[in-house]
Amino acid sequence: MNGIGIDIKDFWRKPYPDLIDKQHLFEWYQPEFYAKLAKQACLIVDELEKILPKDASILELGCGAGRNLAGLKKAGFNNLAGIEINKNAIELGRKTFDLSGIKLTCSAIEDAHIPEVDCIYTHGVLMHLPPESEGVFETIANKARLFILTVENESITGNLQWPRNYEKVFGAFGWRQLHSYSTENWPPNSRFNILRLFAK
């Protein structure tokens, strides 16, 4: 439980509309919505292709239906893994994308075994972790060997959103920001969704 009196993990395992601030946007909480946004994978692929060899180990936390992982695989990356709390999202991904050879684990991020990898990235996931789950940030900082990439809302609050400045979050663990920019040109992202790339 948390400050808003609900089990956040249960919600993400099977979202329901009662908690959504703007209920007409409930589709934004469904795996099917994000599976359709295949071009969004370019945000991740473009960044990681510049800095990592194709055999680098890469982990996505909160991978949903695996859209980004599928994009990385198509680009030639071959050591990929994802962690996702919603089993229906994983099942949808396996039907929708080529996720063969990608290790997918169904678990809450807080409860998962996060291995050491070259790069850990998130896309619209950390923003949904409540304050009591912030220990995950230190785990990410300790388990990523070379890079951390975040694409997260850093300003808008809500029942299920806890915005943070991730330069400060990961800077506190000794990570150096290489660059950042708003992803507002990638709808449905807004100017509040910031991409940040960090190096050890």
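**Notes on the predicted model**

1. Serine 57. Neighbours within four places in sequence aside, serine 57 is in contact with Asn79, Val117, Asp118, Cys119 and Arg145. The model is a predicted one. Serine 57 is found in the loop between H3 and strand S1 (58–61). Its relative accessibility is 9%, and serine 57 therefore counts as buried. The side chain of serine 57 is joined to that of arginine 145 by a polar contact of 3.2 Å.

2. Isoleucine 58. Strand S1 contains isoleucine 58, which counts as buried at 1% relative accessibility. Isoleucine 58 and aspartate 118 are separated by 60 residues in sequence, yet their C-alpha atoms are 6.0 Å apart in space. Beyond the neighbours within four places in sequence, the contacts of isoleucine 58 are Leu48, Leu52, Leu72, Phe77, Asn79, Leu80, Ala81, Cys119 and Tyr121.

3. Helices H3 and H4. Two packed helices are described by the angle between their axes and the distance between the axes. For helix H3 (residues 41–51) and helix H4 (residues 67–74), the angle is about 45 degrees and the axes are 8 Å apart. H3 is therefore oblique to H4, since angles of 65 to 115 degrees count as roughly perpendicular and those under 35 degrees as roughly parallel. The crossing of H3 past H4 is right-handed. At this contact, Ala41, Ile44, Val45 and Leu48 in H3 meet Arg67, Asn68, Gly71 and Leu72 in H4.

4. Why is H4 described as largely enclosed by the rest of the structure? Six of its eight residues are buried, and H4 is therefore largely enclosed. The buried residues of H4 are Arg67, Asn68, Leu69, Ala70, Gly71 and Leu72. Their cover includes H2, H3, S1, S2, S3 and S4. Just after H4, glycine 76 adopts a positive phi of about 110 degrees.

5. Asparagine 86. The loop between S2 and H5 holds asparagine 86, and this residue counts as buried at 5% relative accessibility. Asparagine 86 caps the N-terminal end of H5, with a side-chain oxygen 2.8 Å from the backbone nitrogen of asparagine 88. When neighbours within four places in sequence are set aside, asparagine 86 is in contact with Trp12, Arg13, Pro15, Pro31 and Cys106.

6. Helix H5. Which residues of helix H5 (residues 87–96) are buried? They are Ala89, Ile90, Leu92 and Gly93. Viewed down the axis of H5, these buried residues fall within an arc of 160 degrees, so they line one face of the helix. Lys87, Arg94 and Lys95 are exposed on the other side of H5. The buried residues of H5 pack against helix H2 (31–35), strand S2 (80–84) and strand S3 (103–106).

7. Helix H6. The buried residues of helix H6 (residues 135–143) include Val136, Phe137, Ile140 and Ala141. These cover an arc of only 140 degrees around the axis, which puts them on the same side of H6. Among the elements covering the buried residues of H6 are S1, strand S4 (117–123), strand S5 (144–153) and helix H7 (166–171).

8. Leucine 126. Leucine 126 is placed in the loop between S4 and H6 and is buried, with a relative accessible area of 0%. The C-alpha atoms of leucine 126 and threonine 150 are 8.3 Å apart in space, with the two residues 24 apart in sequence. Leaving out neighbours within four places in sequence, leucine 126 is in contact with Phe137, Ile140, Thr150, Glu152, Arg164, Tyr166 and Phe170. Phe137 and Ile140 are themselves among the buried residues of H6.

9. Leucine 195. Strand S7 (residues 193–199) contains leucine 195. Is leucine 195 buried or exposed? Leucine 195 is buried, its relative accessible area being 0%. Aside from neighbours within four places in sequence, its contacts are Leu43, Glu47, Leu149, Thr150, Val151, His179, Ser180, Tyr181 and Thr183. Leucine 195 and arginine 13 are 182 residues apart in sequence and 26 Å apart in space, C-alpha to C-alpha.

Methods:
Residues numbered from 1 in each chain as written. Predicted model: local features only at pLDDT ≥ 70, side-chain atom pairs only at ≥ 80, totals over all residues. Heavy atoms only, no water. Buried < 20%, exposed > 50% of the residue type's maximum accessible area, 1.4 Å probe, protein only. Helix = DSSP H or I, 4+ residues; strand = E, 2+ residues; numbered from the N terminus. Arc of directions from axis to C-beta. Contact = heavy atoms within 4.5 Å. Polar contact = N/O pair within 3.5 Å; in protein donor to acceptor, adjacent residues only side chain to side chain. Axes fitted to C-alpha atoms, helices over the stretch in contact; angles between N-to-C directions. Parallel < 35°, antiparallel > 145°, perpendicular 65-115°, else oblique. Left-handed = near helix turned anticlockwise from the far one by under 90°.
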